[in-house]
Amino acid sequence: MNDIYIWISTIGAAMMAILAIIIRLRSTKKPASAKKIILPPLFMSTGFLMFLYEPARPAFLQVIEAVSVGMVFSLLLIKTSKFEIRRNQIYLKRSKAFAFILVGLLVARIAFKVIIGDTIHFEELAGMFFLLAYGMILPWRISMYLNYRKIEKELEKNPKSKWIIPAQT
């Protein structure tokens, strides 16, 4: 029965990765906004309600491990997230590496699940992967927001700019 849950969650993760790639590619066609950067981690934070269910609560060391791995993975997303100014508006620049990074993260997640899936209960593993994902998205979105605000201020100073600014300066 535990194997069924692992397969279902793996297929669900693959579908979410595909959906994230599609959404990210579409988002490069519309101007970015602070709201679009801030809202995903805010909406995702409702997932913390899963920890009201006791079996989903990982041990403190597992929490630290999951969040730390997520923060390391976020560095890849931070490095590939760049903004550009087009028609006096700020756009997220399409990154060719983003899809590969997301697929790589999915493969790593599946590998972790296969390696530690038999030693940790399914609910606890789900909690750990949620913490990993949140530990990844929060630093990434904070970095994006700070860079967005920086570019927004530059655009206000020089509204005729047509330059590209990397996410990390």
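Reader: Which residue of β2 stands opposite Glu84?

Author: Tyr91 in β2 stands opposite Glu84. Glu84 itself sits in strand β1. Strands here are DSSP runs of E, at least two residues long, and helices are runs of H or I, at least four, both numbered from the N terminus. This is a predicted model: local features need pLDDT of at least 70, side-chain atom pairs count only at pLDDT 80 or more, and totals for chains, interfaces and linings use all residues. Residues are numbered from 1 along each chain as its sequence is written, and side-chain values use heavy atoms, without hydrogens and water.

Reader: What makes β1 and β2 a pair?

Author: Pairing takes at least two DSSP bridges between two strands. Five bridges join β1 (residues 82–86) to β2 (residues 89–93). The two strands therefore pair, and they run antiparallel. Their hairpin has two residues between the strands, and Arg87 takes a positive phi near 50° there.

Reader: Why is Glu84 called buried?

Author: Its relative accessible area is 15%. Buried means under 20%, exposed over 50%, partly exposed in between (1.4 Å probe, protein chains only). So Glu84 counts as buried.

Reader: How do you know that Arg86 forms a salt bridge with Glu84?

Author: The closest N and O atoms of Arg86 and Glu84 are 3.0 Å apart. A salt bridge needs a side-chain nitrogen of Lys or Arg within 4 Å of a carboxyl oxygen of Asp or Glu. The pair therefore passes. Arg86 is partly exposed, because its relative accessible area is 26%.

Reader: How many salt bridges does this rule give?

Author: Two. One of them joins the side chains of Arg149 and Glu152, at 2.6 Å from N to O. Both residues lie in helix α5 (residues 122–157), three residues apart, about one turn of the helix.

Reader: What makes Arg149 and Glu152 partly exposed?

Author: Arg149 has 33% relative accessibility, so it counts as partly exposed. Glu152 has 21%, so it gets that label too.

Reader: What is the largest nonpolar core made of?

Author: It has 32 residues. Membership takes a buried Ala, Val, Leu, Ile, Met, Phe, Trp, Tyr or Cys, joined to others through side-chain atoms within 4.5 Å. Those with the most contacts inside it include Leu77, Phe83, Ile90 and Trp140. Elements giving two or more residues include α3 (60–80), β1, β2 and α4 (96–116). Helix α5 gives the most, with 14 residues.

Reader: Which residues is Leu77 in contact with, leaving aside its neighbours within four places in sequence?

Author: Phe98, Ile101, Met136 and Trp140. Contact means heavy atoms within 4.5 Å.
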